[in-house]
Amino acid sequence: MKKPYCLLLLFWVLFQQLVAQDIPVSGRIHSSDDNSPLPGVTILVKGTTKGTTSDINGKYSLLAPGKGILVFSYIGMQTQEIDVNGHTVINVKMADQDIPLGEVVVVGYSTSSKKLISGSIELVNEDEIKNIPIRTIDGVLLGQTAGLTVVPQSGTPGGQNMIKLRGGSSINASNQPLMVVDGIPAITGEYSQIGMSGQELNAMTDLNPNDIESMTILKDASATSMYGARASNGVILITTKKGARGKTDVSLNTSYGWQTLPKERIIPMMNADQWNEYKGTNVQGINTDWMKEILKVAPTSNTELSVSSGNDKFRLFISGSYYDQDGVVKGTSYKRYNGRLNADYKILPNLTVGGGVGITYAKNARVEGDATLYGPLPNAMSIPAIYPVYNPDGTYNEDGPYANPVAIYENSVNMAYTNRTGGNAYVEYKFLDGFTFTSKFGVDIYNLREHSYDPTTTRQGAKYNGLGIEGTNYASNVTTNNVLQYIKQIKEKHNIDFLVGYSFEKYANRTTYIEGINFPNDNLQYITSAGTIRAASATALDRVLNSYFGQLKYNYKFKYICSVTARADGSSKFGANNHYGYFPAGSFAWRMTEEPFMKKAKWINEIKLRASYGLTGNDGIGDFASLGLYSGGYNYGGKSGIAPIQLPNPDLKWESTTQTGLGLDVSVLKNRINLTFDVYYNHTKDLLLQRPIPASSGYYTISSNIGQLENKGLEVMLNTVNIDKEFKWTTSLNFAANRNKVLSLYNDQPIDDMGRGGNRVEVGQPIGIFYGYKCLGVDPTTGSLIYEDINHDGIITSLDRTKIGDPNPDWTMGVTNVFSYKSFELSIFLQGVYGNDVFDATLIYLESGTGEDNQTTRMVNRWKKPGDITQFPKAGDSYKSSRFIEDGSFLRVKNVTLSYNFQKKWIKHIGMKSAKIYASIQNLYTFTNYFGMDPEVNYYGGSSNIIIGTDFFTYPQSRTLLVGLNFVF
């Protein structure tokens with residue numbers, strides 16, 4: 001009976017001796033997320049320095065004590081400790097880091113966990129995008145981020161908006177943020193050659209928001225300096241959707257809606273009786289409502305279909321969409337067709353290839369706008385009601401002071417056709433321990449063709465016996481990026497992320513323009529039929545940008561975080577002595593909640609302090625500004641000739657902005673309250689302006705770096721979960737206040753009297769202040785306007801002009817409240833702007849008291865006899881005065897959406913994963929004291945940083961009612 005016990009004891013002794021010795025251990029390490037091999041995982045024998053790393057296939061092998069413990073660690077993933085226990089094969093699956101580091105966001109040429117970012121950024125994610133039923137990129141961004149202002153220049157379908165981040169950094173150069181789509185800088189801005197007087201096109205309208213996965217807004221120098229010479233105005237990184245691993249989703253979104261111009265926003269104009277009394281005429285039987293003639297209830301629709309699929313090696317996303325928007329002003333519309341294909345394939349565990357392509361075809365029908373005599377909207381407001389639309393014989397009546405607006409929209413043709421293709425291809429190779437090399441090639445091609453014809457049935461067409469215009473504009477941007485990145489974790493404490501890269505861009509632009517008159521027939525409206533070519537031109541442009549960049553990010557235990565970035569940009573835009581600019585930046589963050597003394601405060605989830613400092617540039621000026629230029633067309637004696645038109649300046653260089661920022665991120669009560677607070681000071685120098693030179697040189701000005709300005713402000717983002725039960729209520733609020741000031745100009749000489757509002761740039765003042773005469777009211781004795789004699793010389797002259805308003809707001813705000821109960825959800829988005837003035841130049845004509853323009857009904861109460869107390873004179877004047885300055889502050893109910901999500905148990909039987917029905921109202925109501933149609937417009941479009949805040953018969957935004965369905969199969 002003792003023999004078995006002796007054998008067991010012998011085996012036990014032998015086993016103990018065996019496990020006390022080193023034994024060979026091997027295995028494979030995979031990601032628990034997609035089962036892909038993990039190269040570069042560190043495997044250590046606990047308590048020793050003995051270890052190894054996994055190879056490109058996730059394999060490893062080492063000698064370890066049979067009773068030892070192996071420690072598996074990899075940056076961003078949970079560290080695991082596994083007992084060897086005599087096993088010779090140990091396979092491991094590693095999960096993501098259990099430290100809550102927040103969302104992973106795209107930042108420059110890499111990605112990062114949001115909580116490990118030391119700069120100032122904001123993220124607009126897919127859920128936020130899909131809950132905003134607006135089908136343009138700038139429309140989606142409006143009111144979503146503190147410090148980012150999106151100002152619609154008009155309500156024109158497909159029209160351009162002005163986007164500014166932290167106030168804008170320039171006077172003459174671009175103030176638009178750099179837009180980057182999937183790592184490739186996108187073509188943005190206005191490329192139209194046919195002037196539509198404020199009704200400008202927007203190249204970014206071509207991108208479909210439903211194809212976007214996220215948008216990252218980079219604000220401070222630490223976040224933006226990776227883009228160097230184009231980063232002073234911020235950077236918006238757009239990431240399009242990729243296929244989902246392990247599942248297939250088919251999504252169908254469709255909506256239909258109706259747009260109207262809110263009646264409360266239509267300026268009340270005199271009817272025929274009021275006009276007869278005003279002018280002392282007696283025209284009977286005619287009372288035309290011209291606004292009713294040119295406005296309509298405009299339909300809009302959108303349909304999107306997408307497929308997302310993938311497995312552990314391959315991902316695919318395909319989408320197609322059609323968007324159709326008619327304008328509330330007859331004769332305007334925008335139609336857009338989009339398609340996108342994104343795919344990537346893991347050829348080897350360490351080798352991935354991928355790419356994507358997006359195509360767009362768009363048609364935009366426009367009518368002339370405000371600064372013209374041939375715009376339907378301004379003419380409808382200006383023609384008195386005593387004129388009929390048609391003559392008795394059915395022809396258009398042209399007896400009014402301006403061209404018949406009905407004839408214009410029914411007969412004039414103003415079409416813009418856009419073909420756009422943007423795509424990229426990349427290869428990503430991981431090697432050694434923590435190295436990744438990525439090479440990407442991308443292209444953005446924008447083709448615009450414009451066709452315009454005014455037939456003889458319109459006043460302008462009759463003047464020229466038919467007027468036809470053709471224009472083409474081709475733009476392309478070819479980009480290649482090559483990035484080497486090294487990521488390493490040392491002793492589970494030190495986390496290093498280092499990258500270096502090279503980028504090259506080539507931009508090309510080709511235009512043609514031709515204008516003809518004297519057409520034989522209105523059915524023959526192309527230039528080939530013109531009897532006379534009145535104007536013709538063609539241009540060509542090529543420029544390059546050559547860049548080197550690097551970044552080092554380090555954190556200690558995810559607690560102390562720092563980042564250092566540098567970029568060198570070489571541009572063909574600048575002088576021979578300054579082809580290259582250098583832009584460094586650094587930042588530091590301290591996550592206080594990782595300190596031991598904070599562990600007892602369980603209600604605090606996150607406190608992070610941030611600081612940043614750096615230098616960024618702005619190259620958004622005209623090409624060849626540094627060169628001496630010659631131009632043709634200076635002919636003499638019947639022979640062609642050229643002449644110099646610009647002096648060279650080889651010292652011309654970038655505008656540069658020094659940016660300093662401090663920030664605080666706080667999350668408490670199980671992340672139910674999240675606060676982000678930022679303050680910043682941005683100082684811009686070497687502003688690119690025209691410096692006067694002696695006329696004896698043969699020139700008047702030369703491009704030079706001669707000015708300075710500053711922007712300082714604060715930003716607040718607050719997200720709260722107010723109630724989190726069966727009934728749920730969340731709030732998202734953003735608030736921003738920016739103060740802009742010009743610090744110096746050439747000899748401190750102001751840039752004066754710009755645009756219809758008399759905008760001015762003056763040292764010590766914000767950009768674009770209104771400068772004119774201070775109106776004191778109407779003299780009750782004479783009925784004339786009284787102006788303040790600023791210099792007390794007894795007469796009113798230009799020397800009596802002064803600052804009369806500021807178009808820059810004191811603060812901007814956006815707040816979204818979402819209420820949900822069971823399957824119902826109600827979202828309410830409010831947008832607010834406070835403290836800005838608007839110059840209502842429309843009233844210079846519509847409340848003039850003179851001329852043949854129709855007048856607002858307020859002029860019924862004009863001065864008529866001595867002793868009348870009124871603010872409306874018997875006859876006005878054309879002075880740019882405070883009489884036309886109004887408070888442009890407003891609070892707009894921007895969007896209200898009510899939706900219902902069908903329960904899955906109801907729809908799974910028909911193959912659906914989710915189904916939602918919704919109704920939405922955009923621009924429901926605007927609370928404002930502004931008398932004009934829309935306080936949020938600017939007649940000059942987005943082409944000037946100085947001419948801002950002026951309304952001149954500007955196409956207003958419409959109110960839209962939408963109903964829609966979202967299905968996922």
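User: Which residues are linked with Lys115 in a network of salt bridges?

Analyst: The model is a predicted one, and a search of the whole structure finds 48 salt bridges in it. Within a network of such bridges, Lys115 is linked with Arg591, Glu594 and Glu606.

User: Is arginine 340, which meets aspartate 211 in a salt bridge, buried or exposed?

Analyst: The side chains of aspartate 211 and arginine 340 meet at 3.9 Å, N to O, and the pair links distant parts of the chain, with aspartate 211 in the loop between strand 14 and strand 15 and arginine 340 in strand 20, 129 residues apart. Aspartate 211 has a relative accessible area of 2% and is buried. For arginine 340 the relative accessibility is 10%, and because the cut-off for burial is under 20%, arginine 340 counts as buried.

User: What is the relative accessible area of arginine 534, whose side chain meets that of glutamate 515 in a salt bridge?

Analyst: The two side chains meet at 2.4 Å, N to O, joining strand 25, which holds glutamate 515, to strand 26, which holds arginine 534. Glutamate 515 is buried, at 9%, whereas arginine 534 is partly exposed, with a relative accessible area of 38%.

User: Where on helix 5 do its buried residues lie?

Analyst: In helix 5, which spans residues 272-279, the buried residues are Ala272, Trp275, Asn276 and Tyr278. Seen down the helix axis, these buried residues fall within an arc of 165°, so they line one face of the helix.

User: Which residue follows helix 5?

Analyst: The residue that follows helix 5 has a positive phi, near 75°, and is glycine 280.

Technical notes. Residues numbered from 1 in each chain as written. Predicted model: local features only at pLDDT ≥ 70, side-chain atom pairs only at ≥ 80, totals over all residues. Heavy atoms only, no water. Buried < 20%, exposed > 50% of the residue type's maximum accessible area, 1.4 Å probe, protein only. Helix = DSSP H or I, 4+ residues; strand = E, 2+ residues; numbered from the N terminus. Arc of directions from axis to C-beta. Salt bridge = Lys/Arg side-chain N within 4 Å of Asp/Glu carboxyl O.
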